[in-house]
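This report covers a two-part question: how one chain is built overall, and how the other is packed and paired. The structure is shown first.

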Amino acid sequence: MIWVNQIVQGVLLGGYYAVLACGLSLMFGVMRIINLAHGGLAVLGAFFVFVLSKHGLSPWVACAVVLPAMGVAGWALQRGILERSLRAGPLTPLLATFGLLIVLENLLFERFGADERSLFPYIGTLGYDSWTISSDIIAAKLYVLIFVVAVVLLGGLHLFLARTPLGRSMRATAEDRDTAELVGVNSRAVYGVAAAIALSTAALAGAFLGMRSSFGPYSGSQELLFAFEAVVIGGLGSLWGTLAGGIVLGVSQNVGAQLDPQWFLLAGHVVFLAVLMTRVLLVGLGARGGIRIALGRQA
Amino acid sequence: MNQRNAISVGRWTRLSAISTGCALALVVALAFVPVALSANTTDRLTTLFIYVILAAMWNALAGYAGLASVGQQAFFGLGAYATIRLAQQGVNVYAALVLGALLAGAVAVPMSMLMLRLRGGEFAIGMWVVAEVCFGLVILDKSVGGLTGTSLIALNKYNADDQRAYNYWMALGAAVVLLVLLFVLLRSRTGASLQAIRDDEEAAASVGVRVLAGKGVIFVLAGVGCAMAGSLWLATSITFQPKSYFGVEWTAYMIFMALAGGLGTFEGPIIGAIVFFVIQEQFGDSGVWYLVGLGAAAVGFALLLPQGLWGAVEGRFGIQLFPVGYRLRGLDSTATRAPSETYAES
């Protein structure tokens, strides 16, 4: 039963990874940008929520303030930095977002110091409450809540992409920017919206990180790696795949940790590489272009 | 007819012949630094050479083979780790630096079989994960002290001055050998095919370029180079702390140097390494604000000078100091080809 519990915990952890990763996935899928600052931006969001909570706001109310603000920041980031760097070539955004990450991390360090912070004290009993399913399986209410939010968020994004005109424009831009523009899509606006969604969801993930555990100015990189792993396992650009990828990652980490605490991180990485390897083998060694088919984007 | 006769395709120009000659003279002169200049200068130049290696290797991957890796710290760390383990087995410590780098580079061979089948973003992130796996495995090894790390004690049998000079010569030698290897490789058929792969993999494959083999060569070379940089870094800092060797910031520095200098140019990364080195020398003491400034500089380069310092010079004046590509001679200056364009040998 201990294993069942680990799997349950892993699935719930996967929900958090999905929230963290969906913005990354969207940005990569639509703009082809590998945003190295995504984790740092999540931590920035967490710090904003933390500061507001310290001033007496409930973290949930704080989120209602911070999320739209980060969305605006995302739009500005796209207009001010990403758009320009993207014009210079596919690798330049890597440098730009890396620079942004370093600036963010160190400004946060300058302002808040190296202490680990947590939102745990501000969410009342939610941090402790849990449902006991059986003697071995205990589901923390907070973790379940995060998982539910993840499903709702991804469902909402899915509906947005599938049903709304803007969502359709976004998918068209992801497929082929130039052609989309030919038929009247304003790709600048689309990119701005994608970046806004990415930063809002990153801030939400940051808040969840703060409630689940703790964060410091330099926590972003580790979180970023998890997010990337979830995105790649699930298939680049696929939203539900991101949730699946997050769950696979969360379960492997928890099962690995049950074997040996040192294996929490390693197990996740190994499973990630195993998934990639299987995919390569499945499409047949040497079959050119096969990988791309296996990873066919659905946005 | 007359005009056609006047046109020829060539590599060397007078400028590039002179500059290559100057570079050789400079290397010879640099070899005398440990005996001629202060200990401090020697140490600093050793650091600079390590940066040059790192920048040139990342540029070789991303600028010439289109392989943007976020995981080159894997080799940096493995090079240092292999050196420690070899030295513990009683291998002479300076031999261990080279052997360790070669061993760590050898890991790149099996790794390339999987990783090079990944494209773009997947390759970039996949390499980062590979680096984390290497880190995770190295800290499981009790003989290097797990997370706490250990030191390269074997260096103690050399006195401080000898250590400094040997480290310097090793770093200079490694930088020169790796740059020359890269230069020769890029001028060969492989170099031309690599750039074809970078520009369009499918098209290159369709005209008969062996994509995986071409990428593999550069991937292994970059692996050896980054591992050598790691083992040299170990020789200069003596302590081996896995977390700092396998840190993703190493790759971030490489990206900065290669892009600030000029990606896809031979000279660019060397200039980028010098820029990075100077920034660090000037502002390294200001702690957090130095890092904020470095980040801001990275953003600045991405926005204002995306082709990098050397890329801008090359684009404007059409200069190539170390000719990797070909150029068309005999046309009037307005029709001069951009020198970075390379044409495959027939």
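## Fold of chain A

In this predicted model, 73% of the contacts in chain A with a separation of 6 or more are between residues 24 or more positions apart. Chain A holds 12 helices and 2 strands. Read from the N terminus, the order of its elements is α-α-α-α-β-β-α-α-α-α-α-α-α-α. Its radius of gyration is 19 Å, close to the 19 Å that the globule rule gives for 299 residues, so chain A is as compact as a globular protein of that length. Along the principal axes, the C-alpha atoms of chain A fill a box of roughly 60 × 50 × 35 Å. Of the 299 residues in the chain, 53% count as buried.

## Contact between the chains

On the side of chain B, 36 residues are in contact with 40 residues of chain A. Elements of chain B that give two or more residues to this side are α7 (120–138), α13 and α15 (288–304). Helix α15(B) gives the most, with 11 residues. The residues on the chain B side divide by class as 28 nonpolar, 4 polar and 4 charged.

## Helix packing in chain B

Helix α9 (residues 189–199) and helix α11 (residues 211–237) of chain B pack at an angle of about 110 degrees, and their axes are 9 Å apart. An angle of 65 to 115 degrees counts as roughly perpendicular, and α9(B) and α11(B) are therefore roughly perpendicular to each other. The residues that make this contact are listed below.

| Helix | Residues in the contact |
|---|---|
| α9(B) | B:Thr190, B:Ser193, B:Leu194, B:Ile197 |
| α11(B) | B:Val211, B:Gly214, B:Lys215, B:Val217, B:Ile218 |

By class, the contact of α9(B) with α11(B) has 5 nonpolar, 3 polar and 1 charged residues.

Further along chain B, helix α16 (residues 308–317) has B:Gly308, B:Leu309, B:Trp310, B:Gly311 and B:Glu314 buried. The buried residues of α16(B) pack against α13 (249–261) and α14 (268–283) of chain B. Just after α16(B), B:Gly318 has a positive phi of about 65 degrees.

## Confidence

The model scores ipTM 0.82 and pTM 0.85. In chain B the average pLDDT is 84, and 92% of the residues score at least 70. Within chain B, confidence is lowest in helix α1 (residues 2–6), at a mean of 56, and highest in helix α5 (residues 73–88), at 93. Over residues 333–346 of chain B the pLDDT is below 50, and this stretch has 26 contacts in the model beyond near neighbours in sequence.

Definitions and conventions:
Residues are numbered from 1 along each chain as its sequence is written. Chains are lettered from A and ligands numbered from 1 in the order in which they are written. This is a predicted model: local features need pLDDT of at least 70, side-chain atom pairs count only at pLDDT 80 or more; totals for chains, interfaces and linings use all residues. A residue is buried if 20 or more other C-beta atoms lie within 10 Å of its own, exposed if 12 or fewer, and partly exposed in between; C-beta atoms are placed from the backbone. Helices (H or I, at least four residues) and strands (E, at least two) are DSSP runs, numbered from the N terminus. Two residues are in contact if their C-beta atoms, placed from the backbone, lie within 7 Å. pLDDT is the predictor's confidence in each residue, from 0 to 100. Axes are lines fitted to C-alpha atoms, for helices over the stretch in contact, and angles run from 0 to 180 degrees between N-to-C directions. Angles under 35 degrees count as roughly parallel, over 145 as roughly antiparallel, 65 to 115 as roughly perpendicular and the rest as oblique. Ala, Val, Leu, Ile, Met, Phe, Trp, Tyr, Cys and Pro count as nonpolar, Asp, Glu, Lys and Arg as charged, and the others, Gly among them, as polar. The radius of gyration is taken over C-alpha atoms; the globule rule is 2.2 Å times the number of residues to the power 0.38.
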